Amino acid sequence: MAIQYQTHILSNGLRIIHLPTESPVAYCGYAVNAGTRDEESNEFGMAHFVEHLIFKGTKKRNSWHILNRMEVVGGELNAYTSKEETFVHATFLEVHIERAIELLSDLVFHSRFPQSEIEKEIEVILDEINSYKDNPSEMIYDEFENLVFANHALGHNILGEIDHLKSFTTDHGVDFLQRFYTPDNMVFFSMGNTNFSKILRLVEKFAGHISSSAKQKNRLAPDISIGQSLRLSHDTYQSHVIVGARAYDLHHPNRLALYLINNILGGPGMNSRLNLALRERRGYVYSVESNLTSYSDTGILAIYFGSDPKNREKCIHLIQKEIQLLREKKLSELQLSAAKKQLIGQIGISVDNRESLVMAMGKSFLHFNRFESLEEVTKRVEKLTTSQLLEVANEIFNETQIFSLVYE
């Protein structure tokens, strides 16, 4: 059965999507179509900075009141920033729906970025950056994107650069908020046992009067680039390696086929080809994984592993071998059927997590103005053919387009 979600657009352009459930626990939030790639050259880290600082004071609340507003009723308040979106959301008992919508609306539309809080929060973000630098298995992903998307906004680290962060002021935060945190550039999403008419009334009450004037985003797709290899010296016990390539954007018709290929190659299943080849058969790694990230106009597929330096080149060779196998040999119908069942099962389990479901719903509505049910996704997966997968594997894993980054 298709997901029976409900939608509406306010007169100021704010899109609303709601999924009714019978659970006493509810979720809601704002998805903002702005992230790291929307920053100007002098404000790297601003999107993440704003996400932090909206919790530090609004025109009617200080940071203490913001933190306690949901906590005192057992709710949770959170946010995150990506390359293209920012989410601000809450989890709470359904009886507190008005409290949640009022607070979230206050944060995204009325934050004032007090200078005293900025100075403290920048120190927090600097600690976050240092913690991140202490984890090479995370840091290598950002350096890999910077290699693949060289000289482009998608290559910039979400956390930003220390020199830029230390220069941010109240005016900088307010300017970014006014440019992008406007109703026509956002989606309000919710899930819970609240009547949709009440959701509309509350969102209209707290956000319907906000005018829309989002700045036209100057998102330019990254230039076509030729694959390259980079080796960096890092003082670590393990070698950390990423091998990958440019991939399809969110709207590409072959994106689902590549998603299936990615799952076969190095998805979360212990039976992925790379896990079997590198860990189960040879014991070279503790973990190996393949990740596909699609943006509005491009994408990236990244295969990561960490190993003892003496096994590094052997692992790279095995990865290349598995990639070549996907390019040269069609899956049998039995293999394809098994891969489809596994992917559908994984998607089904993921949407059973209510928080994951509502966040996915918000992101989907932000980019596509719709949200697919498990049944709809299943039908699309079942239409994939072995010939299509072979074609996609050859297009993505073209030898001239492979990038690699090694920490040694």
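A: Buried means under 20% relative accessible area, exposed over 50% and partly exposed in between, with a 1.4 Å probe and protein chains only. In this structure, Asn 369 comes out at 47% relative accessibility, so Asn 369 counts as partly exposed. This is a predicted model, in which local features need pLDDT of at least 70 and side-chain atom pairs count only at pLDDT 80 or more, while totals for chains, interfaces and linings use all residues. Residues are numbered from 1 along each chain as its sequence is written, and side-chain values use heavy atoms, leaving out hydrogens and water.

Q: Where is Asn 369 found?

A: Asn 369 is in the loop between α13 (354-368) and α14 (374-382); helices (H or I, at least four residues) and strands (E, at least two) are DSSP runs, numbered from the N terminus. Asn 369 is not a glycine, yet its phi is positive, at about 60 degrees.

Q: What is the phi of Asn 151, and is Asn 151 buried or exposed?

A: Asn 151, which is not a glycine, has a positive phi of about 60 degrees. Its place is the loop between α5 (136-148) and α6 (162-167). With a relative accessible area of 83%, Asn 151 is exposed.

Q: How is a pair of packed helices read, and at what angle do α1 and α7 pack?

A: Two packed helices are described by the angle between their axes and the distance between the axes. Here helix α1 (residues 46-53) packs with helix α7 (residues 170-180) at an angle of about 100 degrees, the axes being 10 Å apart. That makes α1 roughly perpendicular to α7. The axes are lines fitted to C-alpha atoms, for helices over the stretch in contact, with angles from 0 to 180 degrees between N-to-C directions; 65 to 115 counts as roughly perpendicular, under 35 as roughly parallel, over 145 as roughly antiparallel and the rest as oblique.

Q: Which residues make the contact?

A: Met 46, Ala 47, Phe 49 and Val 50 of α1 meet His 172, Gly 173, Phe 176 and Leu 177 of α7, where contact means heavy atoms within 4.5 Å.

Q: Which residues of α7 are buried, and what do they pack against?

A: Thr 170, Gly 173, Phe 176, Leu 177, Arg 179 and Phe 180 of α7 are buried. The buried residues of α7 pack against β3 (25-32), α1, α3 (97-110) and α4 (115-133).

Q: What does His 48 touch?

A: His 48 lies in helix α1 and is buried, with a relative accessible area of 5%. Not counting residues up to four places away in sequence, His 48 touches Glu 39, Thr 81, Ile 125, Glu 128, Ile 158 and Leu 159.

Q: Where does Leu 292 lie, and what does Leu 292 touch?

A: Leu 292 lies in strand β9 (residues 285-294) and is buried, at a relative accessible area of 17%. Residues up to four places away in sequence aside, Leu 292 touches Ala 247, Arg 255, Leu 258, Tyr 259, Asn 262, Ile 300 and Leu 301. The C-alpha atoms of Leu 292 and Ile 303 are separated by 8.9 Å, the two being eleven residues apart along the chain.

Q: Where is Thr 298 found, and with which residues is Thr 298 in contact?

A: Thr 298 is in the loop between β9 and β10 (299-307) and counts as buried, at 6% relative accessibility. Neighbours within four places in sequence aside, Thr 298 is in contact with Phe 149, Leu 154, Pro 222, Arg 246, Ala 247, Tyr 248 and Asp 249.
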